[in-house]
Amino acid sequence: MKRIIREAAVALGLCALALSADAAGPADRGRELFESTQLGTNGKSCSSCHPGGKKLEWAGSSYDDAKLAAIVNRCIEKALKGKPLDPGGEDMKALMQHIRSFGNPGG
């Protein structure tokens, strides 16, 4: 029962994030997802482990979209205890864009 409630809460949180994406551009959406605890179930966000993009400077140039999406989803599943994002979905694209911005101070 607790698992069902937790999964419903995560789903509701992700729905709220998706609705807010309509008002935000991809860069804003990526930043929002990076800082959100709604990607997982343990109260952590990407920024919990990578404040200010720490240790992600390599992401902009080291991997293609498919490999970076796989790495992001592995972090979501293992570190955040969440469900993976659609690798080709708009949320993943926005999140990867934000992650790549750490290696490109101007972008």
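Predicted model: local features only at pLDDT ≥ 70, side-chain atom pairs only at ≥ 80, totals over all residues.
Colleague: What pattern does the protein chain follow along the sequence?
Modeller: The chain has six helices. It has zero strands. Read along the sequence, the pattern is α-α-α-α-α-α.

Colleague: How many salt bridges does the structure hold?
Modeller: One of them pairs Asp-28 with Arg-31. Another pairs Glu-32 with Arg-29. For the structure, the count is five.

Colleague: How far apart are the closest N and O atoms of Asp-28 and Arg-31?
Modeller: Asp-28 and Arg-31 are three residues apart in helix α2, so about one helical turn separates them. Asp-28 is partly exposed at 39% relative accessible area, and Arg-31 is partly exposed at 37%. Their salt bridge has its closest N and O atoms at 3.0 Å.

Colleague: Is Arg-29 buried or exposed?
Modeller: Arg-29 forms a salt bridge with Glu-32, closest N and O atoms 3.3 Å apart. Both lie in helix α2, three residues apart. The cut-off for buried is under 20%. Arg-29 has 3% relative accessibility, so the residue counts as buried.

Colleague: How many residues apart are Asp-91 and Arg-29?
Modeller: The side chains of Asp-91 and Arg-29 meet in a salt bridge, 2.9 Å from N to O. The pair links distant parts of the chain. Asp-91 is in helix α6 (residues 90–101) and Arg-29 is in helix α2, a separation of 62 residues.

Colleague: Which residues do salt bridges that share partners join into one network?
Modeller: Asp-91 bridges to Arg-29. Glu-32 also forms a salt bridge with Arg-29. The shared partners join one network: Arg-29, Glu-32 and Asp-91.

Colleague: From which residue's backbone nitrogen does a polar atom of the Ser-36 side chain lie 2.9 Å?
Modeller: Ser-36 sits in the loop between α2 (26–35) and α3 (46–49). At 8% relative accessibility, Ser-36 counts as buried. The backbone nitrogen at 2.9 Å from its side chain belongs to Gln-38.

Colleague: Which residues form the positive surface patch?
Modeller: Lys-67 is one of them. Lys-67 is found in helix α5 (residues 65–78). Patch residues need over 30% relative accessible area; Lys-67 is partly exposed at 39%. The patch is formed by Lys-44, Lys-67, Arg-74, Lys-78 and Lys-81.

Technical notes
Residues numbered from 1 in each chain as written. Heavy atoms only, no water. Patch = residues over 30% accessible without salt bridge, like charges linked within 9 Å, V, L, I, M, F, W, Y side chains within 5 Å. Areas by Shrake-Rupley, 256 points an atom, 1.4 Å probe, with all protein chains shown as cover. Salt bridge = Lys/Arg side-chain N within 4 Å of Asp/Glu carboxyl O. Lys, Arg positive; Asp, Glu negative; His and termini not counted. Charge placed at Lys NZ, Arg CZ, Asp CG, Glu CD. Helix = DSSP H or I, 4+ residues; strand = E, 2+ residues; numbered from the N terminus. Buried < 20%, exposed > 50% of the residue type's maximum accessible area, 1.4 Å probe, protein only. Polar contact = N/O pair within 3.5 Å; in protein donor to acceptor, adjacent residues only side chain to side chain.
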